[in-house]
Amino acid sequence: ARNPMCTGTTGTLQSGNTGSAPDYFTAFTTANVSTVHSVGANPDGIGNYHQLAITTTALAAPNNQITLSTIPDNTTFQVVGQVTISSGATSLSGIGLQFVKTGTEALSAEILFGATSGASLPITTDTTITYKSLPITKYPGDNITGLYLRSHFNAAGSATIKRTKFAIIPATKLV
């Protein structure tokens, strides 16, 4: 992945986004959402975090895309990462990683941690979630259209989310 250590501050921020995002990251415009981005050093000294202070005025699902390096054909890999949700999140109903691929084996997979329909995640203390996708293979002719950090709000609310770790690692395809 390009810039898994979240270095730099030249990421692209579309309307409704302010602050600084890491290099090769894009924060898209999403209805009912304003987000303040920041970059800071991880406490363990390994890389930086990308923090998103999100405020919504209604139901919303903001996207933040990570630009990928070229992935060679016939490569099988997994996406791994970690996010921390600060205590006091309101109306946050889910958070996850969405990977979109078209071509030989169309794929729109989302690893999502969420509450029941219409409910919110019970975030009363800082909560760290570590995720790992199933193996994904890039075949000749495939087009990887995006890797997104998605959050879901069931109503007006707010949440502070830190993307602290992120990587694409080799994997063995399951048979």
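The largest cavity has a volume of about 40 Å³. A cavity here is a set of points, on a 1 Å grid over the protein atoms alone, where a 1.4 Å probe fits but cannot get out, and its lining residues have an atom within 4 Å of a point. Grid points are joined across faces, edges and corners, and the volume is the space filled by probe spheres set on them. Strands S4 (33–41) and S6 (63–66) each give two or more residues to this lining, and S4 supplies the largest share, three residues. Strands are DSSP runs (E, at least two residues), numbered from the N terminus.

The model is predicted: local features need pLDDT of at least 70, side-chain atom pairs count only at pLDDT 80 or more, and totals for chains, interfaces and linings use all residues. Residues are numbered from 1 along each chain as its sequence is written, and side-chain values use heavy atoms, leaving out hydrogens and water. The chain averages a pLDDT (the predictor's confidence in each residue, from 0 to 100) of 86. Confidence is lowest in strand S9 (residues 107–114), at a mean of 65.

In strand S8 (residues 90–102), 11 of the 13 residues are buried, that is, under 20% relative accessible area with a 1.4 Å probe, protein chains only. S8 runs antiparallel to strand S12 (residues 143–170), joined by 11 bridges; strands pair if DSSP finds at least two bridges between them. Within this pairing, Gly 96 stands opposite Arg 150.

Thr 55 lies in strand S5 (residues 48–56). The C-alpha atoms of Thr 55 and Gly 157 are separated by 5.9 Å, though 102 residues apart along the chain.

Terms used:
Buried means under 20% relative accessible area, exposed over 50%, partly exposed in between (1.4 Å probe, protein chains only). Helices (H or I, at least four residues) and strands (E, at least two) are DSSP runs, numbered from the N terminus. On a 1 Å grid over the protein atoms alone, a cavity is a set of points where a 1.4 Å probe fits but cannot get out, and a pocket is an open set with protein on both sides within 12 Å along at least five of seven lines; lining residues have an atom within 4 Å of a point.
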